[in-house]
Amino acid sequence: MSAVPGRPNQAAAEGHAQRLRRRWLGPALVVLSALAIALGASVGSTGLDALWRAAQDPVAWQIVMDIRLPRTLGAWLTGALLGLSGAVAQGVFRNPLADPFLLGSASGAVLGVALLLALMGAPVSSASWLLKMGMTGAAFLGALGGVLLTLLLAQGVQQTLRLLLAGVVVGYVLGAVKDLVTLAVPDVLSSMLGFVLGNTSLLGWNACALLALVLVPLLLVAAASARVLDGLSLGEATAQSLGLPLAPLRAVLVAVLALGTGAAVAQAGLIGFVGLAAPHLVRSLVRVTHGPLLLLSALAGGLLLSVADIIARVVIAPQELPVGVLTAVLGGTYLLWLMYRRTRAGQS
């Protein structure tokens, strides 16, 4: 049987392209993220020149340093947390469609904010800094409460299918409780609209510091546990045969998923599709193990959300589009295109 002409050369070329992408994708994402943050510091309702006038104009300097730069950097950190959480979720559940909100964190966060606003009776738009901090804490506690309730119903993290189903059930139940709260106190619904749609406009330096303090240790812990995700990708039985301590490390990874999602949701509200699309974007460019995938997904998630935040500011300027709506449109369109491309590739 004769060899197919050109097939070895094609395989060698594809392998060389993969090695180049693995080598340059990380630095490219870092450079693009830096450019996006610099551009985000220039984009706002007063125009694009505040960054260039900042050295001579104290007002422009204050706009850049106190409003635009922390907002853009906070959006990047939020996206990085969502990208990391999405990669962990897809590895733990062995499902490329797994989302970081699967364990009930999103519905728990929304319920926490709804309960706080119902008790305080203050709209978000006129809220004091104390109420804003309270909303952040309520969202974080609600997200962790939703995850803990999911773990309780699933009786631990050993059975991923049971954990997934418990997360879906908890999401519906907590969502129904939130609806009851909004029916009892209708003013809550309009007050929490920005939170539900995703909002980066309130991110400041304190939020950036908190997000960075959460992101760095979670990234290190997840990278140290990447071998478990690699083992799980080969199947539960194979991972156990490799001698990996699945139960404790799976619990650690679920904790990373919960804390990362909870911190992101608490600061910026519900921003969908970033955690789902970022790992897919990385996998479509390079084939890597979970160690590099976690870092690259965090970088891709930060880049995606910072770019989406910039687009949300300018697409209907001088008004702003909720960034969660934009990420849902862009992320959903990308995933539909990816599914179409894979379907065409499978048919050819």
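Modeller: Helices (H or I, at least four residues) and strands (E, at least two) are DSSP runs, numbered from the N terminus. This is a predicted model, in which local features need pLDDT of at least 70 and side-chain atom pairs count only at pLDDT 80 or more, while totals for chains, interfaces and linings use all residues. Residues are numbered from 1 along each chain as its sequence is written, and side-chain values use heavy atoms, with hydrogens and water left out.

Colleague: How many helices and strands does the chain come to?

Modeller: The chain has 348 residues, of which 46% are buried (under 20% relative accessible area, with a 1.4 Å probe and protein chains only). Its secondary structure comes to zero strands and 15 helices.

Colleague: Where is serine 297 placed, and is it buried or exposed?

Modeller: Serine 297 has its place in helix H14. Among the residues that serine 297 touches (heavy atoms within 4.5 Å), not counting those up to four places away in sequence, are Gly83, Leu84, Ala278 and Val282. Because its relative accessibility is 0%, serine 297 counts as buried.

Colleague: Which residues touch the most other members of the largest nonpolar core?

Modeller: A nonpolar core is a set of buried Ala, Val, Leu, Ile, Met, Phe, Trp, Tyr and Cys residues joined through side-chain atoms within 4.5 Å. The largest such core has 86 residues, and those touching the most other members are Leu81, Leu84, Val88 and Leu294. Its largest share, 13 residues, comes from helix H3 (residues 58–92).

Colleague: Which residues does leucine 294 touch, not counting residues up to four places away in sequence?

Modeller: Under that exclusion, the contacts of leucine 294 include Leu84, Ala87 and Val88.

Colleague: Which element gives the most to the lining of the second largest pocket?

Modeller: On a 1 Å grid over the protein atoms alone, a pocket is an open set of points where a 1.4 Å probe fits, with protein on both sides within 12 Å along at least five of seven lines, and lining residues have an atom within 4 Å of a point. The second largest pocket is lined by 15 residues, with Ala277, Leu304, Thr327, Leu330 and Gly331 nearest its centre. Helices H13 (274–285), H14 (290–314) and H15 (323–347) are the elements giving two or more residues to this lining. The most, six residues, comes from H14.

Definitions and conventions
Buried means under 20% relative accessible area, exposed over 50%, partly exposed in between (1.4 Å probe, protein chains only).
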